[in-house]
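This note is intended for a colleague who is meeting the structure for the first time. Please keep the model open while reading the numbered points.

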Amino acid sequence: HAKYRVAVIGSGNWGSVASRLIASNTAKLPSFYDEVRMWVFEEILPTGRKLSESINEQNENCKYLPGIKLGTNVIADPDLESAVKDANMLVFVTPHQFVEGICKKLVGKLTPGAEAISLIKGMEVKMEGPCMISKLIADTLGINCCVLMGANIANEIAVEEFSEATIGYRKDKEVANRWAKLFTTPYFLVSVAEDIEGVELCGTLKNIVAIAAGLVDGLDMGNNTKAAIMRIGLREMRAFSKLLFPSVRDNTFFESCGVADLITTCLGGRNRRVAEAFARNGGKRSFDELEAEMLRGQKLQGVSTAREVYEVLTYRGWQELFPLLSTVHEICIGQLPPTSIVEYSEHTPNFS
Ligand code: NAD
Ligand code: 13P
């Protein structure tokens, strides 16, 4: 292959940081074109300026990643079709609720042979059952799609603090290694694992556990309680993943995408922070209201993922096996009070 051209679809907090990280590599590596196009969901800033224009003028995303230069080879583009033009490596990084609409707009617009990777933590529930986001992308666009997940709070990677990530792939290790090359820097170490469902489910499900951890914080409970909730959550994550996809491997839960992402998100993530506020308000202010007020345009994934997983659990009759995953949803919709997050002694499922 002559040369690879990368486009990033999404420009929120992680989208902007991922673009910066990738662009630092494409500028150096001869097998990639320097320029990285970043698709921007256009919005008008309070100053009356367009976000995409502001990004290109300041080389900075003043709304989702203020104070960080992206690299002059990152070019913001509000036109989806033009952003992906001639790109043969597509990085999907938007909140999961928007990806299906975006993919539909991209049908027939991609360069033949293009490869994709999803950095999106979430899932969709269809009539036929649950569908991971990488599969949604792959099926809608007829392309191969890997995933990259890990303990990756975007603001920390933006200032180049050391962290790790896991690329999940199906069969084609050469393609996975090419993605690893694009993302790896001295401060961002990427490994590959042939367990795409396991990697993606880790990233997706830990957002529900992070809500539970935030509730514990908001109830002013201590470290032991939070650790217990994380352990119960991790055990449910593994059991749920294996029930959905028997191919999922135990080892995946020991990679960055597994226990490490669970820890960082339960300590420092947005899901945790908003859930803490929810519990402090005694569940009287909704997650939607708190999200809008506290995150100013950034999006929570845990609340909708809890609902999506709950649909799967009720449909398959698995609810009793997953008290933590179920309880988080019931708290989010106001059916149970935040204190129910620690009521486990009555029902402890015994996973073999
Ligand atoms: P974000 O939450 O910071 O930003 C929200 C984005 O959604 C903005 O770019 C906004 O313009 C866009 N948007 C709003 N309405 C839209 C619409 N109707 N259609 C399309 N786009 C719309 O986004 P993020 O942090 O980049 O998160 C993207 C994914 O990355 C999520 O799945 C998240 O879980 C995952 N992730 C985030 C982090 C992090 O630290 N931020 C780390 C790892 C993974
Ligand atoms: P939050 O969306 O809860 O901030 O989690 C970010 C994340 O996925 C870190 O890896």
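1. Basis of the note. The model is predicted, with local features requiring pLDDT of at least 70 and side-chain atom pairs counting only at pLDDT 80 or more, while totals for chains, interfaces and linings use all residues. Residues are numbered from 1 along each chain as its sequence is written, chains are lettered from A and ligands numbered from 1 in the order in which they are written, and side-chain values use heavy atoms, with hydrogens and water left out.

2. Asn13, Asn152, Ala154, Lys299 and Gln301 come nearest among the 23 residues around ligand 1, where a residue is near if one of its heavy atoms lies within 4 Å. Helix 1, residues 13-26, gives the most to this shell, with 3 residues; helices (H or I, at least four residues) and strands (E, at least two) are DSSP runs numbered from the N terminus. Ligand 1 sits in the largest pocket. A pocket is an open set of points on a 1 Å grid over the protein atoms alone, where a 1.4 Å probe fits, with protein on both sides within 12 Å along at least five of seven lines; a molecule sits in it if more than half of its atoms lie within 2 Å of its grid points.

3. Polar contacts of ligand 1. These are pairs of N or O atoms within 3.5 Å. A polar backbone atom of Asn13 is 2.8 Å from an oxygen atom of ligand 1. Polar side-chain atoms also approach oxygen atoms of the ligand, at 3.4 Å for Glu43 and at 3.1 Å for Arg270. The protein buries 89% of the 850 Å² that ligand 1 exposes when taken alone, with areas from the Shrake-Rupley method and a 1.4 Å probe.

4. Ligand 2. The space taken by ligand 2 is likewise the largest pocket. Helix 10 (256-268) and helix 11 each supply at least two residues of its shell, and the residues around it include Gly150, Ala151, Lys206 and Thr265. Oxygen atoms of ligand 2 lie 2.9 Å from a polar side-chain atom of Lys121, 2.6 Å from a side-chain N or O atom of Asp261 and 2.7 Å from a polar backbone atom of Arg270. Of the 310 Å² of accessible area that ligand 2 has on its own, the protein covers 91%.

5. Helix 14. How many residues of helix 14 (residues 323-332) are buried? The count is 10 of the 10, so the helix is largely enclosed by the rest of the structure; buried means under 20% relative accessible area, with a 1.4 Å probe and protein chains only. Its buried residues pack against helix 8 (196-218), helix 9 (223-244), helix 11 (270-280), helix 12 (287-295) and helix 13 (302-316), contact being heavy atoms within 4.5 Å.

6. Asp217. This residue lies in helix 8. Asp217 counts as buried because its relative accessibility is 16%. Beyond its neighbours within four places in sequence, Asp217 is in contact with Lys226, Cys266, Arg272, Glu276 and Arg280.

7. Ile143. The loop between helix 5 (133-141) and strand 8 (145-149) holds Ile143, which counts as buried at 13% relative accessibility. Not counting residues up to four places away in sequence, Ile143 touches Leu90, Leu110, Ala114, Ala116, Ile137 and Ala138.

Terms used
Buried means under 20% relative accessible area, exposed over 50%, partly exposed in between (1.4 Å probe, protein chains only). A polar contact is a pair of N or O atoms within 3.5 Å; within protein, one must be able to donate a hydrogen and the other to accept it, and residues adjacent in sequence count only if both atoms are side-chain atoms. On a 1 Å grid over the protein atoms alone, a cavity is a set of points where a 1.4 Å probe fits but cannot get out, and a pocket is an open set with protein on both sides within 12 Å along at least five of seven lines; lining residues have an atom within 4 Å of a point.
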